[in-house]
Amino acid sequence: MTNPIQDIEKSDVILITGSNTTENHPVLSSYVKRAVKFKGARLIVVDPRRIPITRHAAQWLRPNLGTDVAWINGMMHVIINEGLYDEAYVQNRTVGLDELKQIVAKYTPEYVEEISGIPRAELTAAARTYAEAPAASILYAMGITQHVTGTDNVKSLANLAMLCGNVGIPGGGVNPLRGQNNVQGACDMGGLPDVYTGYQKVDDPAVRKRMESAWGVDRLPDRPGLTATDMMNKAYEGELKALYIIGENPMVSDPDLNHAEKSLKNLDFLVVQDIFMTETARMADVVLPSASFAEKDGTFTNTERKVQRVRKAVTPPGKAREDGVILCDLSKRLGYAMSYKDSREVMEEIARVTPSYCGINYNRIKAKGLHWPCTGTDHPGTPCLHMDQFTCGLGVFHAIDYRQPAEVPDDAYPLFLTTGRLLYHYHTGTMTMKTPGLNELAPACFVEISREDAAGYGLVEGDTLLIRSRRGKIEATARISEMAVKGTVFIPFHYAAAAANRLTHAALDPIAKIPEFKVCAVAIEKV
Amino acid sequence: MSASNRIQIDGKEVQFSPGETILEVAWRKGIAIPTLCYLKGASPTGACRICLVEVEGARSLVASCAAPAAPDMVVRTDSEKVIRSRKLNLELLLGSGHHYCVTCEADGDCRLQELAYEYEVETVRFTESPARYPVETNTLITRDFSRCIMCGRCVQACNDIQVNEAISYGYRGDASKIVTIGDRPYINSDCVFCGECVQACPVGALVAKPSRFKGKPWEMKKVRTTCSYCGVGCQMYLHVNKGRVVKVTGVDGIGPNYGSLCVKGRFGFDFIHDANRLNTPLVRENGALREADWDEALDRIARNLKKIIDKDGPDSIGFLTSARITNEENYVAQKFTRAVLGTNNVDHCARL
Ligand code: SF4
Ligand code: SF4
Ligand code: SF4
Ligand code: FES
C-alpha cells in the first residue's frame, strides 16, 4: 500500500475494486465501514459480484469480467472531459498526460457501457464522485491482478489516482491488499527471480558485487531466473529437473491443475517442506516437516509495508524444525555454511545488505512495527509513500488500451467463471480446515449462481452440478445467491476435493506472470 | 487554549479540549475513574453507571464517560457519595444474574469481579434472579445470558468497531436481552464470528467456546505475535497453557487492528496442534514415502541436487519460497538459492 491502513478513515471517497474486502481482509474492511458510517466517506464499489461491502456503498458498479481497463479509462475520459482533474498536481509531478488523453478519448461512457455493461450515467457519476473528493483512496486486490491484463489494470488505477492528485496525500493512494500474510515480505526479501532484498536488481553488476562480498562468494548468477509459473512450464517441458517448495500447495492453488500435476510428475527430484502433508507433498521425493508461525521467531511485513514481530509460543511437533534452520543445515552439506545464532542475527544481515530495511532491528520493533523504507536507525519509517515526489522522480502516465480476457463465453461454454476466497477459509484450507467451527460455517465447495441463471437451468438450491471448462471438470452443489449476477458463476478455490483450479485458465499476464484466475468460460449441468 | 477550557477534578486544575468527556480528561491526567461499559472508539452508552462522579451544582451524580467537560466544572471522583453509589450499582449488577465465578471463563479476568473486590462488596444483598434465557452455544461462541450485565459493550463492538451490525438491544425491562436480527441464535444470524463482542465483554457472558475449560487466565502465558493469515498483519496474543495455544485475542491499543481480529485470526488456530502435523522427515523408497531422520533426508537432498547441478547446471533447479514464512526465512531461502545452488530461479507462489 502507498498509504497506511489508518489512512482509510481520512478518505473522503473510497474506491474498492477487485477486493472482496469483508471476507478477505476483514479487519481492514472495518476501517472502510467505519469511514462510511461515522466519517461520512462515500464508498464506490466496482465488482462483478454483489459482495457484502456493497451494502455500505453509495454506488456499486457491476462490470463484465475482465473489463477493468475499459471502465477506468472511461472514468478518466469523463474526468478529463469535464476538467475535473488536478491540474497543478499533473503539471508538477507527472509526465505523459497527452498520450493518456489520446488513448482515453475514445472511451466515452457509451463505448465503455458496450464493453463493460456499466450504465453510462453510473460511470459518469462515479467518475465525478472520485474526482471531486479532496482525498480519495483506491483499494484493490486479486480481482485486479489475476488477469492477463493484470499489470495494465494496476497501471490504469495508478493513472486514475495520479490524474486526480491522490497519490502522496493522507487519505489517498493506490493500495493493493495482499492476500497472504507475508507476500510483501517474501518480495522484499528477494524471493523473486530478478531481485535481491529491497528490489536490488540481480543484473546490476554493482549490486551483484556488493552481495558477493557480503555473502563471501565468488560469482553470483547474473541473469534473472524463472518465475514460479515459468518453472512449472519448464518442468512440463523437462528442462527443469528439480524443485524445492516451501509452504505452498500448487496442486490446489495453481491454475490449470492438470498441467501442474504433469509438470511436478515430470521432475527428477521434488522436495516439499511444509507443516502438513499437502496434495503437493504427497508427490515429493523428500518431505521435510517445518515449524508453524507459532513455533518460531522472526518478522512478517504486512500489506502497508510494516515490519512486525513474530514470536515463538510453543515448540514444534516431533522432529519438525524451523524452515531457516533446515536450509542452513542443508547448505553445510552443499559446501557453503550458512549459520545464524537466531533470527535476530538474520535481520541484522538483512539490514546490512538492504537500504530500505537498513534502520530496522528487533529492538526498535519490539512494541510497534516500522514501515519501510526505513533508511537508518534514527529514521521513523515511511507510512505514506511518494509524499513530496515519486520514488523515481516524476509519475508516469501509461496510456493503455483495453484488451479482452483470454477466454470469453461461447456456445459450448456459455458462462463466465470467477474464483476467490471465503471468509471462513484461507487459501488451500490446510490450516483453517483443522478448526471444526470454521468447517461448520463453510463445509464444502459450492457454485454461487444468480437467481436468473438458476431459473434458466431449472436449478434449485443444493442441486449437484457438473461444471466443465476446456481444462477439466468438478462437481459442486448449487448455491443460489444474491451475490451472483446473471451470466457469471463463482467458485471458492479452497477445496481440494472440488478444486476450482481444475477449471481455471493458465493464461498469464505477460509481465507479472500472474494467471487469469478471475476469468474463464464454463458450462454447467445438473447431475 | 483559552483559560475557560479548564475544569477542576479532585482539586486539580486541568485543561480540556472541546468535545472531551470528563472521563477522557481525567484519564489523560492520570486520575483513575473505574468503567465497565465504556468502550474506546465507540460512542458512550452510559449503561453501567460505574463511572459516576459528583459535579458541583448537578442534581444527581453524572456518568463521566458520557458527560462532556464544560468550562469551570468542579468534579469529585472519589467522594463518599460516589463510592457508595458505585458500590450499590455493583451489588445490583451482581444480583442481576448468576455470577457463579468458580467455573466462569472470565474468572480472574472479569471487570465485575475486579470492581466488586475493589469496592469491597461483602455479599450480594439482592437475591440472584433466575436466568431468563437459556445458554446458547455453537462451535465458536457461547452466550450465557445469566451472566450478562447488559452493559452493551458487545453491541458497540459489533456496530461501532467492526460494523458488522449483527446484534442490538432487544425487549424491555426485565426481559432485556442482546439480540440478533429476529432474535435468532448467532449461528443462524448475520454474525460473522469475528469475536469482537467476546473480547469486549467485561464478564463471562460471551465466551470463546474452543477455549472453555482450557485454563484460568493466570495459568496462561501470553505471547505477542502477528497473525499468519491475511496481509493485514493483525497483532495478537497467543494464550499458551501447558505448551498448547488454547486461545487467541487481539492486542488492544496498537495498530493495525487495535484489538480487532477476524474469525480466522481469532479461531483458526487448531492447526498448530493438529494430530496430522508433519513431525518427521519422509523419503521416498520403492514408490512410497517412509520415515527418515534428518541426516538421511538432508543427505539425500544434497546428493540429488549436486548430481543435477553437475549434469544439467544450477539453472535446472527451481526454488519456491513462501509468502507464509518469515522475512528471515525468505532471506535465507533466496540466499541459499543464489549463493549455494547458484541460480536465480527463486520465486514464491504469491501470484497463484
Ligand atoms: S462475533 Fe462479531 S459479528 Fe458476531 S455478534 Fe460478535 S461482534 Fe458481531
Ligand atoms: S454480553 Fe457481555 S458485553 Fe454484551 S451486554 Fe452482556 S455483559 Fe455486556
Ligand atoms: S485476524 Fe483476520 S484480518 Fe487480521 S491479519 Fe489475521 S486474517 Fe487478516
Ligand atoms: S462506564 Fe460510564 S456508564 Fe458505564
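**Exercise 1. Salt bridges between the chains**

In this predicted model, how many salt bridges lie between chain B and chain A? Name one residue pair that forms a salt bridge.

*Solution.* 
Step 1. Apply the cut-off: a side-chain nitrogen of Lys or Arg must lie within 4 Å of a carboxyl oxygen of Asp or Glu.
Step 2. Count across chain B and chain A: seven salt bridges.
Step 3. Take an example. Arg333(A) meets Asp299(B) through their side chains, N to O at 2.8 Å.
Step 4. Side chains of opposite charge can pair when their charged atoms come close.

**Exercise 2. The interface**

Describe the contact between chain B and chain A in residues, area and polar pairs.

*Solution.* 
Step 1. Count residues. Chain B brings 113 residues into contact with 152 residues of chain A.
Step 2. Take the area. About 11000 Å² is buried between the two chains, and carbon and sulfur atoms give 63% of this area.
Step 3. Count polar contacts. The rule finds 70 residue pairs across the interface, with both residues at pLDDT 80 or more.
Step 4. Find the main contributor. On the side of chain B that touches chain A, helix α8 (residues 327-341) of chain B gives the most, with 14 residues.
Step 5. Sort that side by class: 56 nonpolar, 33 polar and 24 charged residues.
Step 6. Look at the strands. β9 (residues 286-289) of chain A pairs with β14 (residues 282-285) of chain B, antiparallel, over two bridges. Here Val286(A) stands opposite Val283(B).

**Exercise 3. A sheet in chain B**

Give the strand order of the open three-stranded sheet β6, β7, β10 in chain B, and explain why β6 and β10 each have one side without a neighbour.

*Solution.* 
Step 1. Read the order: β6-β7-β10, with antiparallel pairing.
Step 2. Find the edges. β6 (136-137) and β10 (206-208) of chain B each have a single partner strand, so one side of each lacks a neighbour in the sheet.
Step 3. Inspect one pairing. Strand β7 (residues 141-143) of chain B is joined to β10(B) by three bridges, antiparallel.
Step 4. Name a pair. Ile141(B) has Ala208(B) in β10(B) as its bridge partner.

**Exercise 4. Salt bridges over all chains**

What is the count over all chains? Where do the partners Arg309(A) and Asp297(A) sit?

*Solution.* 
Step 1. The count comes to 41 salt bridges.
Step 2. Arg309(A) and Asp297(A) form a salt bridge at 3.3 Å, N to O.
Step 3. Arg309(A) is in strand β11 (residues 306-310) of chain A, and Asp297(A) is in the loop between β9 and β10 (298-301) of chain A. The two residues are twelve residues apart.

Technical notes:
Residues numbered from 1 in each chain as written. Chains lettered and ligands numbered in written order. Heavy atoms only, no water. Contact = heavy atoms within 4.5 Å. Buried area = accessible area lost by both parts, 1.4 Å probe. Polar contact = N/O pair within 3.5 Å; in protein donor to acceptor, adjacent residues only side chain to side chain. Helix = DSSP H or I, 4+ residues; strand = E, 2+ residues; numbered from the N terminus. Nonpolar A, V, L, I, M, F, W, Y, C, P; charged D, E, K, R; others polar. Pairing = 2+ DSSP bridges.
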